[in-house]
Amino acid sequence: MISERKQFDYVIVGAGSAGCVLAARLSEDGDARVALLEAGGQDRQPEIHIPAAFPALFKSALDWDLLGEPEPGLGNRRLYLPRGRMLGGCSSINAMIYIRGNRADYDAWAAAGCDGWSYDDVLPYFKRSEDNERGEDTYHGAGGPMTVSESRSMHPLVDTMLEAARAAGHEHNPDFNGARQEGVGRFQLTQRDGLRCSTADAFLRPALDRPNLEVITGAMALRILFEGERAVGVEIARGDDVQQLRAEREVIVAAGTYQSPVLLMLSGIGPEDQLAPLGIEIREALPVGEGLQDHCMAQLNYLTDEPSLYLAVNPENIALLESEGRGPLSSNIPEAAGFFRVRPGVQAPDVELHFAPSLFFDEGLSAPSDHGYCFGPVVISPTSRGRVMLRAPLPDSKPRVLCNFLTTEEDRESMLLGMRMALEIAHQEPLLAVQRAPVSVPESDSDKDLIAFIERVGQTVYHPTSTCAMGSVVDSQLRVYGVEGLRVVDASVMPQVTRGNTNAPTIMIAERAADLIRGAEGASAAGAAKASAAGS
C-alpha cells in the first residue's frame with residue numbers, strides 16, 4: 001500500500017554523521033520544510049553514550065553488520081564491516097576521535113578540480129562546527145554545536161606507550177589538528193562531559209523542536225523518485241507501509257559510503273555492469289560504488305600486569321562516570337596516536353598508529369579476557385581501490401563490499417615499514433617494563449612472517465570513503481551528474497580518503513554542503529554561526 005505523498009522542500013536520506021548536520025543547518029531557515037529519514041531507530045541505548053562500551057554495539061540491532069567479499073590482500077579473508085544504524089549513524093558507534101586529516105589531503109582535492117575544497121577553503125567549516133575546550137585560535141573554533149574535548153580517561157598505559165614512542169625517536173605533537181600532523185600524542189574527542197557527543201547530540205537534538213523539521217525513523221529508502229531528469233522525492237518503507245515523500249527543492253542522499261551507492265544504483269544511477277544484469281533500467285551511467293578507499297589496520301597485542309580497561313565496567317567506575325564524567329569508562333579506547341612518513345619520498349604521513357589501553361583482536365568481536373594493551377600501523381594514504389556492488393535489486397539486500405586492502409606495492413610497503421616501526425616501539429624500555437607477554441604479534445621481523453601476520457589480523461579501521469566521489473559521480477557542489485535536484489553529502493564524495501579518522505571531515509563536508517544548498521557559499525563562517533544560534 002502506497003500512502004499519499006507528503007510534501008517537503010528537502011528530503012535527506014540518512015541521519016548519520018552528515019545527515020544530522022544537514023537537517024539542523026537547513027532547518028535554520030524557518031520557511032524550508034525538511035524531512036530527515038533514518039532506516040534505524042533512536043539512539044537511546046546506554047552503550048552508545050558510554051564511550052568505552054562502543055564495541056558492545058558491534059553486530060547489534062544498531063549495526064548494519066556487513067560482511068565483506070574475500071580480500072585478496074589479506075589471504076582471502078572476509079572482513080566484518082560495522083556501520084551505525086540509528087540516529088547519529090557512525091558518530092553514535094565510533095571511537096569519537098576528532099581528526100581532520102592533513103592539509104595535503106584537501107589541497108590535493110582542489111588540485112584535482114574540486115573547486116572550493118582546498119585546506120584554506122574548508123578550515124572555516126571545521127571551525128564553525130566545533131566548540132573546542134581549548135578555545136578559539138587559528139585552527140580551532142569555539143561556540144559551535146560539536147563539543148571537542150580532551151580525554152577524561154587519560155589512561156596511564158597510554159602515557160607509557162607514548163613514552164616508548166618518544167624513546168624510539170618520535171617527537172611529541174600536542175595537536176594533530178594544528179599546524180602539523182606528524183608526531184605522537186593524545187587525541188581530542190567528540191565528547192561532552194566524558195560522554196559521547198554524536199552529531200545527533202550536537203546538531204539534531206537542539207533542532208528537534210523546530211516545526212519545519214520532521215525526523216522519520218524506521219524508514220528504509222527504496223528508490224529515488226524522478227520526473228523527467230529531476231529527482232522529486234523518495235519512496236520509503238516503514239513496516240508494511242510504503243510512502244512517498246516529495247522534495248520540492250532537492251533530494252539529498254547522506255546514507256554513507258556503503259548505502260548511498262546502493263540507493264543510487266537501485267534508482268538507475270550507476271555502472272552498466274552492475275545494473276543491467278539485475279534488470280535495473282539505467283537512468284545515468286556513472287561509476288557509482290567504484291573507487292572505494294579505506295584504512296587498513298594491523299594491531300600488536302601484549303599482556304600486562306598493569307591495570308587496563310579489562311574489568312572497567314564495575315559499579316565504582318559507572319558511578320565515577322555518572323557523577324564526574326571521567327574515569328576508565330570515559331575512555332574512547334584508542335586514546336592516542338602517531339602520524340609518520342615511513343615510505344621514502346612521501347610528502348605527508350602514510351602511516352598512523354593507534355595506542356589503546358586494552359587488547360583488541362578478532363576485529364573487536366571478542367571481549368578481552370585479561371589485562372593488555374595494543375597498537376599497530378594503519379595505512380592512511382592508500383593507493384588500493386575497492387568497490388561497493390549490489391547483491392540483488394532489493395533495498396534491504398546487504399551490498400557486496402570489496403575493500404581490496406594492500407593490493408598495491410605502495411600499500412604493502414607502508415604496512416610493512418609501519419609494522420617494523422611499531423615493533424621497535426614495543427621493544428623500548430618503558431613498554432618492556434610493563435609487558436608480561438605477547439599475545440598477538442608476528443613470529444619474527446622477517447618480511448615473510450610480517451606479511452603472514454598482517455594477512456591474519458589485518459582489518460578495516462572503519463573509514464570507508466569515495467564511492468560517489470567528486471569528479472566522477474558528483475561535481476564540486478556535490479550534485480549528481482546528469483540529473484537535477486539530487487546531491488550526495490557524506491564521506492562517499494571524498495575523491496581521496498583523508499589521512500586519519502574520517503568523522504570530522506564528514507561533518508565538515510555536511511557543513512559546507514549546507515551552504516552550497518542554501519546558495520550561501522559566500523557567507524562568512526561567523527555569519528552562519530550567528531544564524532545557527534538564532535535558529536536554535
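View 1. Buried here means under 20% relative accessible area, with exposed set at over 50% and partly exposed in between, for a 1.4 Å probe and protein chains only. In a regular strand the side chains alternate between the two faces of the sheet. The model is predicted: local features need pLDDT of at least 70 and side-chain atom pairs count only at pLDDT 80 or more, while totals for chains, interfaces and linings use all residues. Residues are numbered from 1 along each chain as its sequence is written, and side-chain values use heavy atoms, with hydrogens and water left out. Strand 18 covers residues 300–304 and is mostly covered, five of its five residues being buried. Helices (H or I, at least four residues) and strands (E, at least two) are DSSP runs numbered from the N terminus. Strand 18 runs antiparallel to strand 21 (residues 372–379), joined to it by four bridges; two strands pair if DSSP finds at least two bridges between them. In strand 21, Phe375 stands opposite Leu300. Strand 18 is also joined by four bridges to strand 24 (residues 435–440), again antiparallel, and Tyr302 has Pro438 of strand 24 as its bridge partner.

**View 2. Strand 13 and its partner strands.** Strand 13 (residues 241–253) has 10 of its 13 residues buried, so it is largely enclosed by the rest of the structure. Strand 1 (residues 6–13) runs parallel to strand 13, with seven bridges between them, and Lys6 stands opposite Leu245 of strand 13. Strand 12 (residues 230–238) pairs with strand 13 in the antiparallel sense over six bridges; the bridge partner of Gly233 is Arg246 in strand 13. The hairpin of strand 12 and strand 13 has two residues between the strands, and Gly239 takes a positive phi near 65° there. Three bridges connect strand 13 with strand 26 (residues 486–488) in parallel, where Leu486 of strand 26 stands opposite Val251.

**View 3. The nonpolar cores.** The largest nonpolar core has 85 residues, and those with the most contacts inside it are Leu22, Trp117, Leu264 and Leu486. Such a core is a set of buried Ala, Val, Leu, Ile, Met, Phe, Trp, Tyr and Cys residues joined through side-chain atoms within 4.5 Å. Helix 13 (residues 503–517) supplies the largest share of this core, nine residues. A second, separate core has 48 residues, among them Met220, Phe355, Met421 and Ala426. Leaving aside residues up to four places away in sequence, Trp117 touches residues including Tyr106, Trp109, Val122, Met470, Leu478, Met508 and Leu516; contact means heavy atoms within 4.5 Å.

**View 4. Helix 3 against helix 4.** The axes of helix 3 (residues 103–111) and helix 4 (residues 119–129) come within 8 Å and cross at roughly 120°. Axes are lines fitted to C-alpha atoms, for helices over the stretch in contact, and angles run from 0 to 180 degrees between N-to-C directions. Helix 3 and helix 4 are therefore oblique to each other. Angles under 35 degrees count as roughly parallel, over 145 as roughly antiparallel, 65 to 115 as roughly perpendicular and the rest as oblique. Helix 3 contributes Arg103, Tyr106 and Asp107 to the contact, and helix 4 contributes Tyr119, Asp120, Val122 and Phe126.

**View 5. Helix 10 against helix 12.** Helix 10 (residues 409–426) packs with helix 12 (residues 447–457) at an angle of about 100°, their axes lying 11 Å apart. This angle makes helix 10 roughly perpendicular to helix 12. From helix 10, Arg412, Met415, Leu416, Met419, Arg420 and Leu423 meet Asp447, Leu450, Ile451, Phe453, Ile454 and Glu455 of helix 12.

View 6. Strand 22 (residues 386–389) and strand 23 run antiparallel and are joined by three bridges; Arg387 has Leu402 of strand 23 as its bridge partner.
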